[in-house]
Amino acid sequence: MPVLTRLIPSPVVVDIRPGALDDLASVLSDQRISHSGKLAVAVSNGSGAKLRERIAPALPGATWYEVGGGALDDAIRLAGAIKAGHYDAVVGLGGGKIIDCAKFAAARVGLPLVAVPTNLAHDGLCSPVATLDNDAGRGSYGVPNPIAVVIDLDVIREAPARFVRAGIGDAISNINSIADWELSHRVNGEKIDGLASAMARQAGEAVLRHPGGIGDNDFLQVLAEALVLTGVAMSISGDSRPASGSCHEINHAFDLLFPKRAASHGEQCGLGAAFAMYLRGAHEESAYTAEVLRRHGLPVLPEEIGFTVDEFVQVVEFAPQTRPGRYTILEHLDLKPNQIKDIYSDYAKAISS
């Protein structure tokens, strides 16, 4: 019998609400996740460790592993530690680095991963990618989507505000990434996955147009859902195209050129998206994006994250080298440093008026 609709790789459980952590044990007891109750739980020594005392009594079959950081070596060590444990699943409880380590380790030993993020810093919490530091700087490794995602908004509200605001920048940058994808389709004929594009764009628009802020649960609900849907959109597409365009090239350039000074992923992506929208001539959209980012306390100018204009020009010029083969407005315009500087001057005036 032919398959008349495609099967979408996605979590079997997505639970986003205040108090969701109280029902984590119930989610994990789903026979599709853990039939024996034997679980490997990866936590940091920060936010995840603080939640361990609260959760541990409900998970008597769990073994807890403290993960030191977000490096490839940390993930490999975690995989080595859990591979002989005959677990049903791996649970990643903590920030983005812990989730990525757990995703990589679970994939390496062939177990499903349950993501329990404690902040909303970026869209990696449900994506098929683990981003880990390595000897060359930082690498992205393909992994399966989490089998379940549990986000307790009460826990998110306790996270440092900067780690929640950053997710806003990452989600909003989807809109610029889709514009880059459509540009590549027009110029190079690159195929667009309509479903992945729609999900990523609507996720970004929902966050961009929402009047609330990180202090209220309605907004956090929309932001968390947007980040989850963005991860699923990447799985549908089979790559990061729905959520990674010129904005992310600029982000990667910050990281590679100034590794000790770079701001957070979401902060740099939001700034990159506002500038890239201006580059493509979408001046009203760029100004509105900058206005929303500012309302949430996110940077829209390089000086707001400690960089000079000349350093930002250097970043934008270098950005296309960070993602060979990806066509965005940066590759399309192929600007020289003096041109970048002139356009940046216009951008800075436009978003300040």
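Modeller: The model is a predicted one, and the account below should be read accordingly. Asparagine 174 has a relative accessible area of 0% and is buried, because buried means under 20% relative accessible area. Leaving aside residues up to four places away in sequence, asparagine 174 touches Asp123, Ala200, Ala203, Gly204, Thr230, Pro242 and Ala243.

Among these partners, Ala200, Ala203 and Gly204 also belong to the contact that helix α7 makes with α6. The packing of these helices is therefore the next subject. Two packed helices are described by the angle between their axes and the distance between the axes. Here, helix α6 (residues 161-188) packs against helix α7 (residues 194-209) at an angle of about 140 degrees, and their axes lie 8 Å apart. That angle makes α6 oblique to α7, since angles over 145 degrees count as roughly antiparallel. The crossing of α6 and α7 is left-handed. On the α6 side, the contact is made by Ile168, Ala171, Ile172, Asn174, Ile175, Ile178, Trp181 and Glu182. On the α7 side, the residues are Ala196, Ser197, Ala200, Arg201, Ala203, Gly204, Glu205, Val207 and Leu208. By class, the residues of this contact comprise 11 nonpolar, three polar and three charged.

All five of the five residues of strand β5 (residues 113-117) are buried, so β5 is largely enclosed by the rest of the structure. In a regular strand the side chains alternate between the two faces of the sheet. In β5 both faces are covered, with Leu113, Ala115 and Pro117 buried on one side and Val114 and Val116 buried on the other. Strand β4 (residues 89-94) runs parallel to β5 and is joined to it by five bridges, with glycine 92 standing opposite alanine 115 in β5. Strand β5 also runs parallel to β8, to which two bridges join it; valine 114 there stands opposite alanine 148 in β8.

Strand β8 (residues 148-152) is likewise largely enclosed by the rest of the structure, because five of its five residues are buried. Ala148, Val150 and Asp152 point one way from β8, Val149 and Ile151 point the other way, and all are buried. Strand β1 (residues 13-17) pairs with β8 in the parallel sense over five bridges, and arginine 17 stands opposite aspartate 152 in that pairing.

Proline 146 lies in the loop between β7 and β8. With 1% relative accessibility, proline 146 counts as buried. Beyond residues up to four places away in sequence, proline 146 touches Ser10, Pro11, Lys103, Leu113, Ala115, Leu125, Cys126 and Ser127. Of these, Leu113 and Ala115 are on one side of β5. The C-alpha atoms of proline 146 and valine 13 are 9.4 Å apart, although 133 residues separate the two along the chain.

The remaining strand pairing involves β7 itself. Strand β6 (residues 129-134) pairs with strand β7 (residues 137-142) in the antiparallel sense over six bridges. A hairpin through two residues joins β6 to β7, and the bridge partner of asparagine 134 in β7 is glycine 137.

Terms used: Residues are numbered from 1 along each chain as its sequence is written. This is a predicted model: local features need pLDDT of at least 70, side-chain atom pairs count only at pLDDT 80 or more; totals for chains, interfaces and linings use all residues. Side-chain values use heavy atoms; hydrogens and water are left out. Axes are lines fitted to C-alpha atoms, for helices over the stretch in contact, and angles run from 0 to 180 degrees between N-to-C directions. Helices (H or I, at least four residues) and strands (E, at least two) are DSSP runs, numbered from the N terminus. Angles under 35 degrees count as roughly parallel, over 145 as roughly antiparallel, 65 to 115 as roughly perpendicular and the rest as oblique. A crossing is left-handed if the near helix is turned anticlockwise from the far one by less than a right angle, and right-handed if clockwise. Contact means heavy atoms within 4.5 Å. Ala, Val, Leu, Ile, Met, Phe, Trp, Tyr, Cys and Pro count as nonpolar, Asp, Glu, Lys and Arg as charged, and the others, Gly among them, as polar. Buried means under 20% relative accessible area, exposed over 50%, partly exposed in between (1.4 Å probe, protein chains only). Two strands pair if DSSP finds at least two bridges between them.
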